[in-house]
Amino acid sequence: MAPADSAVHPRPTGRPEAWHRLGAGGFLRDVVLGSSDGLVAVLAFVAGVSATLGARRTILLAGLAEMFAGAASMGLGAYLGSKSEREFYRHELAREKREIVEMPHEERDEIREIYRKKGFEGEDLEMVVDRITSDKDRWLKVMMHEELGFAKGAQVSPLRSGLAMSLAYIVGAAVPILPYAVIAGRAAFPVSVVATLGVLFAVGASKARLTQRAWWKTGIEMSIAGGIGTVVCYLIATAIAKL
């Protein structure tokens, strides 16, 4: 019985699985995405504005306006996305509950087919099917996960997701803007670029916790993406200013 039970209910092992199970993976995802978007978008925006506007105060105010507008947009998008995902989950959960009650034989066949594809045959397969379908809560969880691909524990509340995304965006966006608040003249721009690329590397490295890739690779990729966005926006703004 032990092998079948472990096959049906794999025990979470390792830190990444624990984060996913507790729903912290979704929260970390919002923080990483929000902060990285804030860093890249505002740095690119500041680069474009710096190419056409010389006044430090004007650049600072324009950057702040973009920061709050971007935070509101990202937060609202995250809230609506999480809300839609949760509503869809609840709809599918209700449908599966109804089908287990109204169509138990068909649902048993689906469980059987799922575990047949996993390599179970004969008595072992029937034992797994019987074990799962003997408890309706367990049956429902398996159907939601194995058939539909949902992971209830990984969902984040819409409000929490929206707030996390907005606040992370503001924190990220503050990095390229801050040098213009404390440094006079054109020296603020290179400091802004260096500081933002450094923080982008750190954010990219922390992203490795989600992707399970080498931290230095994700850090370099994030820095390169920010650098490309900065150069492109700066060149476009410079070309437009010359028209």
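**Contacts, cores and a surface patch**

Tutor: Leaving aside residues up to four places away in sequence, Ser35 touches Ala168, Tyr169, Gly172 and Val203. Please keep in mind that this is a predicted model.

Student: Which helix does Ser35 lie in, and is Ser35 buried or exposed?

Tutor: Ser35 lies in helix α3, which covers residues 24–52, and Ser35 counts as buried because its relative accessibility is 11%, below the cut-off of 20%.

Student: OK, and what about Gly63, where is that?

Tutor: Gly63 is in helix α4, and with 0% relative accessibility Gly63 counts as buried too. Not counting residues up to four places away in sequence, Gly63 touches Phe45 and Ile177.

Student: How far apart are Gly63 and Leu178 in sequence and in space?

Tutor: Gly63 and Leu178 are separated by 115 residues in sequence, while their C-alpha atoms are 9.6 Å apart in space.

Student: Switching to the nonpolar cores: how many residues has the largest one, and which have the most contacts inside it?

Tutor: The largest nonpolar core has 17 residues, and those with the most contacts inside it are Ile111, Tyr115, Ile132, Trp139 and Met144. At least two residues of this core come from each of α4 (56–102), α5 (104–117), α6 (122–133) and α7 (136–147), and α7 gives the most, with 5 residues.

Student: What does Trp139 touch?

Tutor: With residues up to four places away in sequence left out, Trp139 touches Ile100, Pro104, Glu107, Arg108, Ile111, Ile132 and Thr133. There is also a second, separate core of 16 residues, which includes Val42, Leu60, Ala188 and Val193.

Student: Now the surface: which residues form the nonpolar patch?

Tutor: Trp215, Trp216, Ile220, Ile224, Ile228, Val232, Ile236, Ile240 and Leu243 form the patch, and together they have about 970 Å² of accessible area. One of them, Ile220, is found in helix α10, residues 215–241, and Ile220 counts as partly exposed because its relative accessibility is 37%.

Student: Which residues of α10 are buried, then?

Tutor: The buried residues of α10 are Thr218, Gly219, Met222, Ser223, Gly226, Gly229, Thr230 and Ala237.

How values were computed. Residues are numbered from 1 along each chain as its sequence is written. This is a predicted model: local features need pLDDT of at least 70, side-chain atom pairs count only at pLDDT 80 or more; totals for chains, interfaces and linings use all residues. Side-chain values use heavy atoms; hydrogens and water are left out. Patches are made of residues with over 30% relative accessible area and no salt bridge: like charges are joined within 9 Å, nonpolar side chains (Val, Leu, Ile, Met, Phe, Trp, Tyr) within 5 Å. Accessible areas come from the Shrake-Rupley method with a 1.4 Å probe; for residues, only the protein chains shown count as cover. A salt bridge is a side-chain nitrogen of Lys or Arg within 4 Å of a carboxyl oxygen of Asp or Glu. Helices (H or I, at least four residues) and strands (E, at least two) are DSSP runs, numbered from the N terminus. Buried means under 20% relative accessible area, exposed over 50%, partly exposed in between (1.4 Å probe, protein chains only). A nonpolar core is a set of buried Ala, Val, Leu, Ile, Met, Phe, Trp, Tyr and Cys residues joined through side-chain atoms within 4.5 Å. Contact means heavy atoms within 4.5 Å.
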